[in-house]
Amino acid sequence: MQRIKELRKEKSMNQIALGMELNFSQKIISEYENGKVEPSITTLKKLASIFNTSVDYILELTDVTEPYKRKTVNKKY
């Protein structure tokens, strides 16, 4: 996942620092970046939060870097 590497570098983070943020080893971060392992949904959500973007951007489904705005739902009882 090339986007993880790009986002990490834009934030001036090395793989060790990102790994510490996620509680993973540097090796796992390297494997994500090189496409050897795919992050879980939970990890993708954490990455999106760390980099202030959307999971879709990380997965290269969009080129829009801004995160989506959360919808508020009016609950009727």
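This briefing covers the salt bridges of the structure above. The model is predicted: local features need pLDDT of at least 70, side-chain atom pairs count only at pLDDT 80 or more, and totals for chains, interfaces and linings use all residues. Residues are numbered from 1 along each chain as its sequence is written, and side-chain values use heavy atoms, with hydrogens and water left out. A salt bridge here is a side-chain nitrogen of Lys or Arg within 4 Å of a carboxyl oxygen of Asp or Glu. The count comes to four.

- R3 pairs with D63 in a salt bridge, at 2.6 Å from N to O.
- R3 lies in helix α1 (residues 2-10) and D63 in the segment after α5 (55-58), so this pair ties together parts 60 residues apart in sequence. Helices are DSSP runs (H or I, at least four residues), numbered from the N terminus.
- E33 and R8 form a salt bridge, with their closest N and O atoms 2.5 Å apart.
- E33 sits in helix α3 (residues 26-33) and R8 in helix α1, so the bridge links parts 25 residues apart in sequence.

- K27 bridges to E31, the closest N and O atoms being 3.9 Å apart.
- Both residues lie in helix α3, four residues apart, about one turn of the helix.

**Network**
- Shared partners join R3, E6 and D63 into one salt-bridge network.

**Burial of the partners**
- Buried means under 20% relative accessible area, exposed over 50%, and partly exposed in between (1.4 Å probe, protein chains only).
- R3 is buried at 10%, whereas D63 is exposed at 65%.
- E33 is buried at 5%, and R8 is buried at 7%.
- K27 is exposed at 56%, but E31 is buried at 18%.

Technical notes: Helix = DSSP H or I, 4+ residues; strand = E, 2+ residues; numbered from the N terminus.
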